[in-house]
Amino acid sequence: MKRIAGILLITIAFAGVLWADNALLINGAGATFPYPIYSKWFAEYHKANGAIEINYLSVGSGAGIKQVTDGTVDFGATDGPMNDDQLKAYRDKHGAPILHFPTVLGAAVPTYNIPGVTTSLNFTPDALAGIFLGRISKWNDPAIANANKGVNLPANDIIVIHRSEGSGTTYIWTDYLSKVSTDWKDKVGKGTAVNWPVGLGGKGNEGVTGLIKQTPNAIGYVELIYAVQNKIPYGAVRNAAGEFVRADLAGVSAAAAAASKTMPEDFRVSITNAPGKGVYPISSFTWLLIPGKFSDATKRDAIKGFVTWMLADGQNYAETLSYAKLPKEVVDRELKAISKIQ
Amino acid sequence: MREGDEIARLITFLFAASVVLVTLLLVFELWQGSILPRHKFGFNFFRTSVWDPIFDQFGALPFIYGTLVTAGVALVIAVPLGIGAAIFLAELAPARVSDTLEFFIDLLAAVPSVIYGLLGVFIVVPLMREYIQPALKNTLGFLPLFQGPVYGVGLLTAGIVLAIMVIPYIISVSREVLLSVPRDQREAALSLGSTRWESTWQVVVPFARGGIMGSIFLALARALGETMAVTMVIGNAPVISASLFSPGDSIASVIANQFTEATGDLYLQSLIELGLVLFLITFILNGLARLLIVATSQKGSAMGNA
């Protein structure tokens with residue numbers, strides 16, 4: 001018995017040494033929303049570059065920011081850009097900046113369950129803000145009805161459903177409402193979790209969808225990907241150009257392209273309510289958070305290699321997984337920014 | 001052999017001491033981890049009801065309220081049902097029926113809470129919205145408890161799901177306690193001319209009081225700390241309303257919901273302070289439970305039978 005145990009132990013030790021020697025292990029943590037495509041990317045990249053293995057934990061954007069700031073992971077990922085205080089905290093701790101790299105785009109869509117209404121509804125920004133502030137409380141309110149002529153909206157009370165947990169989808173949704181409504185901005189604000197004026201919380205996209213399906217006269221928001229993959233009907237939203245746009249990948253990419261002209265150097269940009277035709281207004285980038293300075297040169301080169309690959313080959317995986325690709329303008333700017341990783 | 005005894009004593013002592021150590025470490029960590037909100041809000045943390053991560057205002061009151069109300073509703077339903085079932089199984093049912101049912105009860109106690117959550121979402125919530133809540137509103141609607149809009153989810157629904165979850169604990173422990181009441185007690189009562197029910201209700205149950213109380217507090221502890229199943233049916237809105245139909249939120253549920261995405265130290269530490277509050281509530285209620293058991297068991301019944 002002892003002999004077998006000994007042999008086993010030695011084998012395990014050897015395997016450990018071999019494994020550790022063979023692949024450079026890079027650890028990342030953060031946003032849950034892009035997790036499906038990130039895990040696809042890291043697997044594909046490992047196939048193409050056997051020497052590099054990237055390990056990603058989808059612990060949430062907040063935890064991703066915290067862990068990369070604490071230095072417990074090599075890179076982070078977030079659905080909402082870090083704010084100035086967080087950037088300062090990172091710089092104070094590490095003596096170098098943290099860099100944002102947009103990877104793909106996502107969107108949030110309004111979904112609802114009104115008995116007797118089967119057509120796709122149109123929502124104006126005022127209507128959405130009013131509903132989620134609790135000011136518009138009936139479905140036949142003129143603010144909704146005027147944008148939906150010919151639809152027989154009932155005089156029932158609206159039941160608002162939001163996410164119960166902190167989430168990137170909530171960030172996009174509240175970021176949009178903050179832009180189109182000063183009342184929302186002053187009273188509620190934007191974030192992964194907010195103090196909702198009205199409504200019930202459901203856990204995850206599936207929790208929100210479940211509550212909406214079960215509750216007559218409910219309205220809520222879910223990720224575009226989730227709505228597409230689960231064939232959940234959703235409404236159109238009026239963009240800044242005055243068109244009612246039903247979200248699709250083209251509309252989301254258009255929002256990114258429209259915003260890329262005014263995009264700041266550090267890529268921390270909100271593209272909700274972006275100007276231009278064909279734009280779906282409740283869209284957002286999701287970002288990788290990469291330290292500006294690495295002490296380990298092999299790790300730095302590996303991460304630079306991955307970002308370069310992600311901006312070229314990696315983008316081709318986006319649409320099959322229902323994420324919107326980065327527009328060319330943004331890819332070009334990011335390729336230039338890679339040299340900032342030192 | 002003496003050394004052997006010494007070593008065994010030392011090792012088992014260390015194991016026992018580790019329980020105390022873990023508890024102290026837990027309190028210490030929670031206390032250390034919540035410095036910012038304790039200094040900023042002080043006692044107001046317990047008194048205010050705004051939970052706003054954007055404007056950095058954190059008050060625990062709605063979560064404390066939701067936790068206590070849901071656990072309270074659960075006990076109001078589960079205690080009579082559970083004890084009734086335990087009396088039947090221990091005193092009245094044939095041994096074979098009792099053992100078979102006990103098997104199912106143990107099975108129920110082992111079901112993961114997310115399964116109860118799903119049961120809640122797909123069965124209890126629609127039932128509540130379509131039948132139970134409208135019925136309550138029509139009959140008992142004059143009470144503030146049963147007023148307001150009907151959502152299906154809410155405090156009452158969470159309490160009912162919790163009740164379903166804790167009933168197996170009460171039945172299982174109470175049954176064991178009742179079975180362990182000495183035969184002579186029953187025989188003495190019967191020989192004095194009491195009926196089967198009189199002997200059960202007036203002799204056996206009081207004798208087992210301490211253990212039954214223990215089962216209730218075990219159930220209470222589970223109800224207070226339950227996270228997943230509550231989150232799925234409580235509505236997750238930090239409001240305080242007299243109506244049981246209203247959505248609410250509990251401490252365990254809000255921590256689970258918001259911890260991963262919490263950005264900013266004050267926000268994160270406020271969630272940790274909520275953990276401390278839950279610990280405190282459990283501690284106080286457990287203390288009260290002990291007092292209650294001591295107080296009620298002085299009237300000549302056996303305590304510590306559990």
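**Figure 1. Overview of chain B in the predicted model.** Helices here are DSSP runs of at least four residues, and strands are DSSP runs of at least two, numbered from the N terminus. By that count, chain B has 13 helices and 2 strands. The model is predicted. It scores ipTM 0.82 and pTM 0.85. The C-alpha atoms of chain B fill a box of roughly 70 × 70 × 35 Å along the principal axes. Of the 306 residues in chain B, 41% are buried. Take the contacts in chain B between residues at least 6 apart in sequence: 78% of them join residues at least 24 apart.

**Figure 2. Confidence along chain B, with the stretch 300–306.** The average pLDDT of chain B is 90. A score of at least 70 is reached by 96% of the residues. Residues 300–306 of chain B stay under 50. For this stretch the model has 19 contacts beyond four places in sequence. Where pLDDT is low, predicted coordinates should not be read in detail.

**Figure 3. The side of chain B that touches chain A.** The contact takes 25 residues from chain B and 27 residues from chain A. Four elements of chain B each supply at least two residues of this side: β1 (51–52), α6 (113–140), α11 (228–233) and α12 (251–258). The largest share comes from α6(B), with 3 residues. By type, the residues on the chain B side divide into 15 nonpolar, 8 polar and 2 charged.

**Figure 4. The β-α-β unit of chain A, with the two faces of β2(A).** Strand β1(A), helix α2 (residues 35–48) of chain A and β2(A) form a right-handed β-α-β unit. Strand β1 (residues 24–30) of chain A runs parallel to β2(A), joined by 6 bridges. One bridge pairs Ala29(A) with Leu57(A) in β2(A). Side chains alternate along β2 (residues 52–57) of chain A. Ile52(A), Ile54(A) and Tyr56(A) point to one face and are buried.

**Figure 5. Strand β6(A) and its parallel partners.** All the residues of β6 (residues 159–163) of chain A, 5 of the 5, are buried, so the strand is largely enclosed by the rest of the structure. Strands of a sheet pair through backbone hydrogen bonds, either parallel or antiparallel. Strand β8 (residues 218–223) of chain A runs parallel to β6(A), with 2 bridges between them. Val160(A) has Ile219(A) as its bridge partner in β8(A). Strand β7 (residues 200–202) of chain A also pairs with β6(A) in the parallel sense, over 3 bridges. Here Ile161(A) stands opposite Leu200(A) in β7(A).

**Figure 6. An open sheet of 3 strands in chain A.** The strand order is β5-β9-β10 (chain A), and the pairing is mixed. The edge strands are β5 (122–123) and β10 (244–245) of chain A, and each pairs on one side only. Strands β5(A) and β9 (residues 236–238) of chain A run parallel, joined by 2 bridges. Asn122(A) stands opposite Ala236(A) in β9(A).

Note on methods:
Residues numbered from 1 in each chain as written. Chains lettered and ligands numbered in written order. Predicted model: local features only at pLDDT ≥ 70, side-chain atom pairs only at ≥ 80, totals over all residues. Pairing = 2+ DSSP bridges. Buried ≥ 20, exposed ≤ 12 C-beta atoms within 10 Å, placed from the backbone. Contact = placed C-beta atoms within 7 Å. Nonpolar A, V, L, I, M, F, W, Y, C, P; charged D, E, K, R; others polar. Right-handed = clockwise from strand over helix to strand, strands pointing away. pLDDT = per-residue confidence, 0-100.
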